[in-house]
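This report takes up a residue in a helix, and then moves on to the core, the aromatic pairs, the cavity and the pocket. Please keep the sequence and the structure in view while reading.

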Amino acid sequence: MAVDTGRERDSAMSAIRNIPIAQKFVLAFGLVCLLCIGVGSYTFFAFHGIAKMNLEVSESSFPAVVQLAEMRTAIDMTRRQDLALLLCTSPACVSSHHEARLKAIAEYQASSKLFEPLAGEAAERAFFQTISSKFAEYLEISNRSSTLLEAGKIGDAVDLTTSEATLAIVSQALEANNGVFDLKVKEGTASAHGATQSSSQATWINAAVTLLIVFLCAGIGWILTSVIAPRLEVVRKALEQMAEKDLTVHVVSTGTDEIGRLADALDICADSMRGVLQSVAQGAETLSAATTEMSARSV
């Protein structure tokens, strides 16, 4: 198994050595760039989704809950002022509670108007319609009670305001308010939980991909260094030997990329120079022999 693994590693390194240097760098840094683009795109869309969820909470769920609370307070206040009017014995008391009643009704109408565009789901709109219709029914009863009080029919006003039907209408309005309140709270909680979960997930994924890019860059650097540096060192030593007039140098090519072709060219150059020097040496020997023969004939 160790031999097979070594052969596979040597085969892989040989395949890498045969890739041109420019293509090596393009593939290596292209892979890193693709990972960076991928993690950047994921981060953008993840945080865009988180921002959208937070925006939904801050501009829909939370304001809706606030307006529902205001509506409930206004309904309670209107009911309380109607009951207080039944107990008033002076014009000042009547005037004070009547003004408070009108203020509560105005606050309900303002909160209702603000909440209406925030009611998104069908269930929320149904609850809101129930609140509006029941409060309208109660206002009609309240106005009739005020008319009876102004006419001095206190007993009839008491019977009308405290009747079971009136209590049922108020209870239904408050129950509908509680229903849509719960829906909005659940919606806001779900959005906040989703934003938190997405943020945590994006953080871990970014950390994991960042570590992957770091290890990948280290691995690419090690591979490129192992493939390029030793072979360049061999070529450098061969050139230094040639510079020292050592023409016996021989470079073994270990790939078909630029460095491998450079090694082949250097080896061919050394062979050519050796051939030229051998020819020059043979010519010198021939010239020396001819000179010796001419000298002997002259003697």
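## A glycine in a helix

Gly 194 is found in helix H6, where helices (H or I, at least four residues) are DSSP runs numbered from the N terminus. With a relative accessibility of 14%, Gly 194 counts as buried, a term that stands for under 20% relative accessible area, with exposed for over 50% and partly exposed in between (1.4 Å probe, protein chains only). Gly 194 lies 7.5 Å from Met 53, C-alpha to C-alpha, although 141 residues separate the two in sequence.

The model is predicted, so local features need pLDDT of at least 70 and side-chain atom pairs count only at pLDDT 80 or more, whereas totals for chains, interfaces and linings use all residues. Residues are numbered from 1 along each chain as its sequence is written, and side-chain values use heavy atoms, with hydrogens and water left out.

Leaving aside residues up to four places away in sequence, Ile 75 touches Tyr 108, Ile 131, Phe 135, Ala 173 and Leu 174, contact being heavy atoms within 4.5 Å.

## Aromatic pairs

Three aromatic pairs are found in a search of the whole structure; rings of Phe, Tyr and Trp (its six-membered ring) pair if their centres lie within 6.5 Å, and planes under 30 degrees apart count as stacked, over 60 as edge-to-face and the rest as tilted. One of them joins Phe 44 and Phe 45, with ring centres 5.3 Å apart and planes at 75 degrees, so this pair is edge-to-face. Both Phe 44 and Phe 45 are exposed.

Another pair is tilted, because the rings of Phe 115 and Phe 128 have their planes at 50 degrees, with centres 5.4 Å apart. This pair links distant parts of the chain, as Phe 115 belongs to helix H3 (residues 91-115) and Phe 128 to helix H4, 13 residues apart. Phe 115 and Phe 128 are both buried.

One cavity of 30 Å³ or more is found in the whole structure. On a 1 Å grid over the protein atoms alone, a cavity is a set of points where a 1.4 Å probe fits but cannot get out, a pocket is an open set with protein on both sides within 12 Å along at least five of seven lines, and lining residues have an atom within 4 Å of a point. The largest cavity has a volume of about 30 Å³, and its lining consists of Ile 75, Lys 134, Phe 135, Tyr 138, Ile 169, Val 170 and Ala 173.

Lys 134, in helix H4, counts as buried at 18% relative accessibility. Not counting residues up to four places away in sequence, Lys 134 touches Ile 169, Gln 172 and Ala 173.

## The largest pocket

The largest pocket has a volume of about 190 Å³, volume being the space filled by probe spheres set on the points, which are joined across faces, edges and corners. Leu 85, Leu 86, Cys 88, Val 94, His 98, Ser 146, Leu 149, Glu 150 and Ile 154 line the largest pocket. H4 gives the largest share of this lining, three residues.

Key. Helix = DSSP H or I, 4+ residues; strand = E, 2+ residues; numbered from the N terminus.
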